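Subject: Structure for your files

Hello,

Please find the structure below, together with its sequence. My notes come after it.

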Amino acid sequence: QVQLVESGGGLVQPGGSLRLSCAASGSIFSIKAMGWYRRAPGKERESVAFIRNGITTDYGDSVKGRFTISRDNANNTVYLQMNGLKPEDTAVYYCYAGAGGLILNEYEHEYWGQGTQVTVSS
């Protein structure tokens with residue numbers, strides 16, 4: 001079992017920055033990938049950024065060049081640095097972890113954080 005606790009959301013002006021944190025606990029050694037999804041009102045869930053196997057990163061097209069995902073293995077924490085924020089980035093951001101399984105990039109279990117609200121507005 002893995003538990004994910006998010007922090008760092010809030011209200012920011014357009015062009016500003018935020019850093020989200022996601023701390024994992026429990027069976028942390030089973031985690032193979034961590035990342036972030038987001039969901040805005042009236043929109044489908046969108047993949048934002050992921051780091052797989054501790055080294056490989058992927059970003060959604062809408063955030064490339066603005067967002068950076070990183071991982072602190074010592075603290076079992078993943079960060080999402082968000083720069084150049086736009087109003088369309090407003091959403092609830094959910095931390096995700098994929099764990100277990102014998103095949104790379106396929107997971108036996110999936111875990112979700114509680115979500116943290118990011119609002120970009122002047």
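This is a predicted model: local features need pLDDT of at least 70, side-chain atom pairs count only at pLDDT 80 or more; totals for chains, interfaces and linings use all residues.

Residues are numbered from 1 along each chain as its sequence is written, and side-chain values use heavy atoms, with hydrogens and water left out.

Overall fold

The protein has 11 strands and 0 helices (DSSP runs numbered from the N terminus: E of at least two residues for strands, H or I of at least four for helices). The radius of gyration is 14 Å, close to the 14 Å that the globule rule gives for 122 residues, so the protein is as compact as a globular protein of that length (taken over C-alpha atoms; the rule is 2.2 Å times the number of residues to the power 0.38). Along the principal axes, the C-alpha atoms fill a box of roughly 45 × 25 × 25 Å.

Of the 122 residues, 42% count as buried (under 20% relative accessible area, with exposed over 50% and partly exposed in between; 1.4 Å probe, protein chains only). Among contacts (heavy atoms within 4.5 Å) between residues at least 6 apart in sequence, 55% join residues at least 24 apart.

There are 11 positive and 11 negative side chains, and the centres of the two sets lie 4 Å apart. Lys and Arg count as positive and Asp and Glu as negative, without His and the chain ends; each charge is placed at NZ of Lys, CZ of Arg, CG of Asp or CD of Glu.

The disulfide

Which cysteines form a disulfide? They are C22 and C95, with sulfur atoms 2.0 Å apart (the cut-off is within 2.5 Å). C22 lies in strand β3 (residues 18-26) and C95 in strand β9 (residues 91-99), so the pair ties together parts that are 73 residues apart in sequence. The torsion about the S-S bond of C22 and C95 is about -90 degrees, so this disulfide is left-handed. C22 is buried at 0% relative accessibility, and C95 is also buried, with a relative accessible area of 0%.

Arg38

R38 is in strand β4 (residues 31-39) and counts as buried at 6% relative accessibility. Leaving aside neighbours within four places in sequence, R38 has contacts that include E44, E46, E88 and D89. V48 is another of the contacts of R38; the C-alpha atoms of R38 and V48 are separated by 6.7 Å, and the two residues are 10 apart along the chain.

Regards
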